Amino acid sequence: MAKVTIYSTPTCGYCTMAKDFLQEKGVEYEEIDVSVDQQKAQAMVEKTGQMGVPVIIIEKDGQEEVLVGFDQVQLTNLLGL
Amino acid sequence: MYEVIIIGGGPAAVAAGVYAARKQIKTALFATQIGGQSVVSDGIENWIGEEVISGPDLALKLKKHLEAQKDSIDLHIGENVDKINKKNDGTFEVMVGENIYNTKTVIVCSGGRHRRLGVPGEDKFEGKGVAFCATCDAPFFKDKDVAVVGGGNSGLEAVVDLMKYAKKVYLIARKDEDGLRGDPVTLAEIKSSDKVETIYEANAIEVLGDKMVTGLRYKHIEGEEGTIEVQGVFVEIGSVPNSEIVADFVDTDDWNNIKINCETQETSCPGVFAAGDVTNTIYRQNNIAVGDAIKALLSAHEYLKKN
């Protein structure tokens with residue numbers, strides 16, 4: 001089972017689309033709102049080397065995949081949907 | 001062999017798809033995702049029938065309406081069309097990865113993408129301070145100094161979005177003060193804010209930075225150059241049509257928009273129709289894209305009766 005974390009901001013359209021997509025496919029995820037949590041925002045920037053949302057982190061079998069932006073094809077493939 | 005293949009996932013493509021399905025025309029639709037360019041808008045107030053609706057909510061409604069037709073249309077969501085070839089017999093090949101789909105007609109509704117500055121530093125610092133969506137990324141610039149390049153409505157709206165978070169917002173506009181094009185309410189909000197400084201009659205010429213953006217160099221039309229210290233550069237200078245997939249065999253204008261007959265949405269190539277922001281339509285609006293796409297589908301239907 002993959003663990004999915006999504007870093008987002010409330011006004012980000014692609015973040016909403018990513019969340020809608022995950023919900024539609026019945027995938028559980030943890031959401032981190034980086035507009036209110038400055039520390040998590042900083043951590044996200046350091047981890048990905050960039051400031052763009054959504055950032056979707058998929059942890060599976062000890063491996064971590066970091067996706068920047070909402071790419072339905074990649075998400076489908078990585079989560080085996 | 002399909003009768004119609006629709007390229008795109010915005011309001012135009014969805015409209016063509018719904019109509020094609022209901023006419024029982026053998027159709028496939030290819031889109032990376034359903035929603036269109038307005039997905040990033042947090043409040044659309046001019047989509048007829050809705051007082052206000054967010055971009056993502058509109059995207060969901062479009063998706064549901066399209067998916068309701070799935071018994072009558074082959075939906076390929078999450079698949080990107082690489083190229084379209086015109087064959088000698090007047091039909092078309094649509095190449096998607098390793099797959100080839102044959103069709104009698106094509107309806108191009110592939111929309112537009114952000115125009116880029118095309119200056120040094122823009123590519124290097126994309127995501128590291130250079131951004132194209134203020135509604136998405138404004139929160140990252142809390143208490144920082146940012147610049148918006150673009151004096152049209154998108155640029156002005158980006159300034160307003162950034163004013164909520166940034167310490168200072170510079171607006172770089174090519175024209176003078178009278179050249180700012182935007183809603184009066186937005187203009188008034190900007191003019192009354194002491195956070196905003198506008199640099200008129202200037203072009204951005206270089207994005208400066210180390211690991212992240214640290215500044216922006218600009219040049220006045222008179223030749224004088226300047227540099228501002230900013231941690232963010234938002235580019236809102238219009239859009240570029242996604243017409244490359246048919247540009248080899250369909251006439252486009254000087255800005256690469258697909259040229260269409262506005263009565264029928266026909267292009268210069270028989271069997272190819274187009275609608276929405278990818279065309280040389282004068283007005284770029286969701287409601288218009290929908291109407292034009294329906295025209296395109298009905299025209300394709302007439303074409304199919306004779307071919």
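**Close-up 1. Buried residues of helix H4 in chain B, from a predicted model.** Here's who sits inside: B:Ser154, B:Gly155, B:Leu156, B:Glu157, B:Ala158, B:Val159, B:Val160, B:Asp161 and B:Leu162 are all buried. That makes nine of the eleven residues in H4(B), which spans residues 153-163, so the helix counts as mostly covered.

**Close-up 2. What packs against H4 of chain B.**

**Close-up 3. The open sheet S12-S13-S14 of chain B.** Three strands line up in that order, with antiparallel pairing. Strands S12 (202-209) and S14 (225-229) of chain B are the edges, each pairing on one side only. From one strand to the next, the twist averages 25 degrees.

**Close-up 4. Zooming in on S12 and S13 of chain B.** Seven bridges hold the antiparallel pairing between S12(B) and S13(B), the latter covering residues 213-220. Pick out B:Val207 and you'll find its bridge partner in S13(B), B:Leu216.

**Close-up 5. Stepping back to chain B as a whole.** The chain has six helices and 17 strands, and its C-alpha atoms fill a box of roughly 60 × 40 × 35 Å along the principal axes. Buried residues account for 46% of the chain. Of the contacts between residues at least 6 apart in sequence, 62% join residues at least 24 apart.

Terms used. Residues are numbered from 1 along each chain as its sequence is written. Chains are lettered from A and ligands numbered from 1 in the order in which they are written. This is a predicted model: local features need pLDDT of at least 70, side-chain atom pairs count only at pLDDT 80 or more; totals for chains, interfaces and linings use all residues. A residue is buried if 20 or more other C-beta atoms lie within 10 Å of its own, exposed if 12 or fewer, and partly exposed in between; C-beta atoms are placed from the backbone. Helices (H or I, at least four residues) and strands (E, at least two) are DSSP runs, numbered from the N terminus. Two residues are in contact if their C-beta atoms, placed from the backbone, lie within 7 Å. Two strands pair if DSSP finds at least two bridges between them. Axes are lines fitted to C-alpha atoms, for helices over the stretch in contact, and angles run from 0 to 180 degrees between N-to-C directions.
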